[in-house]
Amino acid sequence: MQAKEIVRVEGLTRTYGSGETAFTALNQVSLSVSQGEMVAVMGPSGSGKSTLLHLIGGLDRPTAGSVQIDGALLNDLNDKALSALRRRRIGFIFQTYNLLPALTARENVAMPLILDGIRRSTALDRAGEVLAAVGLQDRADYRPTALSGGQQQRVGIARALVIQPALILADEPTGALDSETGQDIIRLIRQLATRQRQTIMLVTHDARVAAHAARIINLKDGSIVDDNRLKSRQEAYDAVPVG
Amino acid sequence: MNLIFLAWRYLMLRRTRAALTLLAIVFGVATLYAANAMPGAVQAAAERTALGADGTTIRLFQGTTGRSEPLRADMAAAATGLSGIEAAIFEPGATPYDDVLTLRLTSGAPVVEVLERVEAAIGDFSVQGIDPRRALLQNQVLQALFNFFGAVSLFMGAFLISVTFRTAALERRRDLGILRAIGAEQGQVVRLFTVEALLLSGVGTAGGLALGQGFAVAMLNLIWSMSFHMYPLTGGVPLHPPALIAALAVGLLVGVAAGYFPARAAGKTAPLDAIRQDANDAPFHDVTALRLALGGIVTLISLAILLSGSAWSGVGGLLLFVSAALLSPALLPPMARGLRPFFARLFPRLTDLVYAGMLRHPWRAATTLTTLTIGFALCVAVMGLVSPVIISTTQRVNALDPERDLAVYAWEHGLPAALVEYVRNRSEVDASSLLYRALGTASGQPVQVVSIDTRYGTRLQSFNRLLETTAADAAYLDADAAAQIIDGLADGRRAIISLALSLLTGAGVGDAIALDTPTGTQSYVVAALISDFYPETGDRLAYLSEPVFLADFSDATLYGMHISLSAPVYAEGIGSQIAAQFSTPEQPITISDEVALRERMIGDTQRGMSILYVLALMVAIPSLLGLLNTLAIAVLERTREIGVLRAVGADRAQTRRMVIVEALLLGTMGLILGGLVGVTVSYGINASLAALQAVDAAPGIGVPLSGFVILAVGGLALSALVSLLPARRAARLEVVAALRCE
């Protein structure tokens, strides 16, 4: 049986500015990602990695082309529907964690559920369970400022997973962490997502991080230069462009 | 609602700023509530004095300030048919002046409306007690003034809420972006801010109502203590439901509206922009042409209302405050440029930095400027309203009561001869005059006849009320004409008679009046009329010069003595010695120390006016809180800049001074703008009060230069003082941490 298609991108283009100062960050990109796949998006700075991720996540609107997530065409959605899609189907993990400093770890994790109208106590209970899954049960009532970088990113992961999304988008999730913690984090993401057959797309510069993925897409100047499905870790290392 | 906890958490995170904003609402709602609760209590007290013991009877008479024609029996019938009147009875007195029309009101009938109906049916009249119609007029003026302060106060509250939320939206730009990224809808972001505004305005309004009730109680107790009329005002201060509901509604509505608009703008934030963008570089709306045009139009409308002297001057004043808020962003750069040479001379090393920081965030600086402008303008306006009244009262009282006078009275039993002897033998006494009284008869009615020493007559306060013609055509004499009449009183048999006696006898100025005396019926030429009464005797009075009085009235009682001292310092000592030696519980002697009397009168006026000062303070405090708020925001916003400055060599003291100099610059600009707005508003309100004949003062600017100088120095000192806290925070920033701050 063929795996369900979670992400479908066709002719995706994003241009910033206009006239002489116009800059095309992404140019006619098309790709498809199936359920349970883990895809690493790589490329040099300014190659359009983050732009691609933001467009897939509905954080930005394309200049041309289309994005479908789990069958829903993002181009057709208004702000309300797009917001609902983000809080129900997509889990974001950011490089700088992007936690709300006013809230505790547990409340941060519960936020997408609360925004979705789930009762606060239920949301906090579920958040506690997910925090336990990322190993932070004893830090649940700490504010982000009282947590280390690695711990903050675990909270970020828990927040992304609490909604049991179809798609997890991670933008340089280990970029602000030391390499050992980074490895722990990426293993955690993969381990938790695999249980639920969740799809992961992550942007990274780090070959060791990309090596966890089964597919590596390389971008350059806004276009896909190669898209490799890999069978082994060694193949993954080999697929990482040098320089 | 799911987001309440988040709103609460954000409020708690910025506790100080939330508290400052809260205070602005508290003061606004308190003033507005008191403005509407107090007049009701005053009105009720006035109505109680007019209504008899049974609470339904009201007695009308011709009176000295009422109609010139006597009341008539047929008026009872005319009044009986009117709504709210159960019965009307005409009771003829010994003279037309004593005729009384007694009305019995139906239970719960509105007293003022009933009296107005009666007036429409039978013409004007006097009311026994305090005329509730007049109390209402004074109340309306008081209420209008209070409402003006309340409205300005709330405007300030709304302004601060709006500033707080716009700043919060800026500061939380990143947080909002995160919320939007994880699925918050625009509506949810708007609701988050609106819930915060509702929490703030809800708590603020509740606090404001409590403070307002306390304020109303304090002010009314002051008014009760000052009402020294024949019918003193008293009463409790019950909660006033209409005022309560109005203040509650306005407080909540203003708070939520002020929070909603920044919230709507924040809701529209694109999540990606918000996450990426440095809050410091967030674009803020510049001075738009629309804002300028709107500010210009509002200014013109407000000036037209204010300068016309119409009863709407309060609204005009409020509009001028609104236009100051609209125009201050446009006025800030040229004013700042104008002041630059001055500040460059005072603070050569810091001016460039201060200007660069301030003009890079013109919106924030304009917000502070607006807050300060409103605060200063209110202080100036109140000064302009209060000073003329205090100055004119002080001048009048000073002119009337020479400092070296002391008066002793014993109306009933008379003064003992030993007291006269004692006073005359004192070396501190320059001169003294004796006051006699006796009963005479005119047209068969008793008349109180009083002697005056013509040397002192002009000093008597009552003679300020001398009239030159008749009661119907009353015109007060000026001081010179009054003095001339008193001087000429001993020139043959001449008399000054009260209006009541004039009505009894039909005698006007220049006519002869016949009085029965122990030496037979004597004829006196009426020199002037006087609007006067003695509580002890009633309204029918005749004043004769001392020699004429002593010649005609052999059965006189020596009831008083005016004592002229060589120096005012002796008044208190001699007064207390007389009291100790001659006053007994059975035969008390009233000692009127003129210095004390004058001080009491001036004090009463000042206490009355202090209500306005308290009101101004209630609005000025939020202004200073606003300054503290915006300066604190300035430091927060510029944390990274301050880090850079420190990194390139600015020391802590320089950093501190930078914030203080900015506060001084904004304070100076606020003083200039606030001075202009305040003077214009006070001129407008004075003109309309004069037009309403609500106060003695003539329309004018009325802001004393000395007062303005004190305000300027005090205002700038407070600006600097308030800036100390954020300045300290700026100076204490650690360079590395500040540089890391986004």
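How many residues does the contact take from chain A and from chain B? In this predicted model, chain A contributes 29 residues to the contact and chain B contributes 23 residues. The size of an interface is often given as the accessible area lost when the parts come together. Between chain A and chain B, the buried area comes to about 2400 Å², with carbon and sulfur atoms giving 59% of it.

Polar and charged pairings can be counted across this interface as well. Four salt bridges are found between chain A and chain B, and ten residue pairs are in polar contact, both residues of each pair being at pLDDT 80 or more. On the side of chain A that touches chain B, the elements giving two or more residues are α2 (79-89) and α3 of chain A. Sorted by class, that side of chain A holds 14 nonpolar, six polar and nine charged residues. One salt bridge joins the side chains of E107(A) and R9(B), with an N to O distance of 2.4 Å.

Is T104(A) buried or exposed? T104(A) counts as buried because its relative accessibility is 13%, under the 20% cut-off. Once neighbours within four places in sequence are set aside, the contacts of T104(A) are A140(A), D141(A), Y142(A) and R143(A), together with R9(B) from the other chain.

Turning to the strands of chain A, four of them form an open sheet in the order β2-β1-β4-β5, with antiparallel pairing. The edges are taken by β2 (23-34) and β5 (72-73) of chain A, each of which has a single partner strand, so one side of each lacks a neighbour in the sheet. Strands of a sheet pair through backbone hydrogen bonds, either parallel or antiparallel. For β5(A), the pairing with β4 (residues 64-69) of chain A is antiparallel and runs over two bridges. Within this part of the sheet, Q68(A) has L73(A), in β5(A), as its bridge partner.

Chain B, finally, can be described as a whole. Its secondary structure comprises 23 helices and 14 strands. Chain B has 742 residues, of which 54% count as buried. Among its contacts between residues at least 6 apart in sequence, 80% link residues at least 24 apart.

Terms used:
Residues are numbered from 1 along each chain as its sequence is written. Chains are lettered from A and ligands numbered from 1 in the order in which they are written. This is a predicted model: local features need pLDDT of at least 70, side-chain atom pairs count only at pLDDT 80 or more; totals for chains, interfaces and linings use all residues. Side-chain values use heavy atoms; hydrogens and water are left out. Buried means under 20% relative accessible area, exposed over 50%, partly exposed in between (1.4 Å probe, protein chains only). Contact means heavy atoms within 4.5 Å. Buried area is the accessible area (1.4 Å probe) that two parts lose on being put together, summed over both. A polar contact is a pair of N or O atoms within 3.5 Å; within protein, one must be able to donate a hydrogen and the other to accept it, and residues adjacent in sequence count only if both atoms are side-chain atoms. Helices (H or I, at least four residues) and strands (E, at least two) are DSSP runs, numbered from the N terminus. Ala, Val, Leu, Ile, Met, Phe, Trp, Tyr, Cys and Pro count as nonpolar, Asp, Glu, Lys and Arg as charged, and the others, Gly among them, as polar. Two strands pair if DSSP finds at least two bridges between them.
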